[in-house]
Amino acid sequence: MTKEKLEKMRALRTEIRLLEKDLRELPYTRDCVQGSMTEFPYIKVTIPVTGVDETLSRALRRKIENKIAKLQKELNEFEDWLDSIEEPEMRVIMRMYYGQGFTQEAIGEEIGYSRETVYRKLKNFDYSAA
């Protein structure tokens, strides 16, 4: 796994979250139907109707779901790579930094190191060995 590919992991998680939000907010349509009151004098009324426009959203839903599946596959590769790191401490640092987008300072606070120590560990890590 290259450092450049690892840098993308933060963006992948964000993109998946945004796409999932898009799925929940598919295009809505509004229309009105005519009806009448159920009792005499049967006055004509207009009833507004709203809902997901299935004709517009079917293709969009499929496209978004396919994109999410592709991004999930990339994230699975990242998780497999993380599992190959033998040292638990480095796995935690890598997951927090590349996977969850923590800053070096926040990682240091979380695991009890200075930012400089985290920086040094990230800089000296052999990315090709894992």
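A nonpolar core is a set of buried Ala, Val, Leu, Ile, Met, Phe, Trp, Tyr and Cys residues joined through side-chain atoms within 4.5 Å. Buried means under 20% relative accessible area, exposed over 50%, and partly exposed in between, with a 1.4 Å probe and protein chains only. The model is predicted: local features need pLDDT of at least 70, side-chain atom pairs count only at pLDDT 80 or more, and totals for chains, interfaces and linings use all residues. Residues are numbered from 1 along each chain as its sequence is written, and side-chain values use heavy atoms, with hydrogens and water left out.

The chain contains 5 helices and 2 strands. Helices (H or I, at least four residues) and strands (E, at least two) are DSSP runs, numbered from the N terminus. Along the sequence their pattern is α-β-β-α-α-α-α. The radius of gyration is 25 Å, well over the 14 Å that the globule rule gives for 130 residues, so the chain is more spread out than a compact globule. This radius is taken over C-alpha atoms, and the globule rule is 2.2 Å times the number of residues to the power 0.38. Along the principal axes, the C-alpha atoms fill a box of roughly 85 × 30 × 20 Å. Of the 130 residues, 25% count as buried. Contact means heavy atoms within 4.5 Å. Among contacts with a separation of 6 or more, 57% come from residues 24 or more positions apart.

The largest nonpolar core has 24 residues. Trp81, Met94, Tyr98, Leu122 and Tyr127 touch the most other members. Two or more residues come from each of α1 (3–24), α2 (54–83), α3 and α5. Helix α2 gives the most, with 7 residues. Beyond its neighbours within four places in sequence, Met94 is in contact with Phe78, Trp81, Leu82, Ile85, Gly99, Leu122, Phe125 and Tyr127.

Two packed helices are described by the angle between their axes and the distance between the axes. For α3 (residues 88–99) and α5 (residues 115–124), the axes come within 11 Å and cross at roughly 95°. Axes are lines fitted to C-alpha atoms, for helices over the stretch in contact, and angles run from 0 to 180 degrees between N-to-C directions. The two helices, α3 and α5, are therefore roughly perpendicular to each other; this class covers 65 to 115 degrees. On the α3 side, Glu89, Met90, Ile93, Met94, Tyr97 and Tyr98 meet Val118, Lys121 and Leu122 of α5. By class, this contact has 7 nonpolar, no polar and 2 charged residues. Ala, Val, Leu, Ile, Met, Phe, Trp, Tyr, Cys and Pro count as nonpolar, Asp, Glu, Lys and Arg as charged, and the others, Gly among them, as polar.

The loop between β1 (28–36) and β2 (44–52) holds Pro41. A cis peptide bond joins Phe40 and Pro41, with omega about 25°. Tyr42 also lies in the loop between β1 and β2. Although not a glycine, Tyr42 has a positive phi of about 50°.

Gly51 is found in strand β2. Not counting residues up to four places away in sequence, Gly51 touches Pro27, Tyr28 and Thr29. Leu18 lies in helix α1. Leu18 is partly exposed, with a relative accessible area of 49%. Leu18 and Ile68 are 50 residues apart in sequence and 9.9 Å apart in space, C-alpha to C-alpha.

Key: Parallel < 35°, antiparallel > 145°, perpendicular 65-115°, else oblique.
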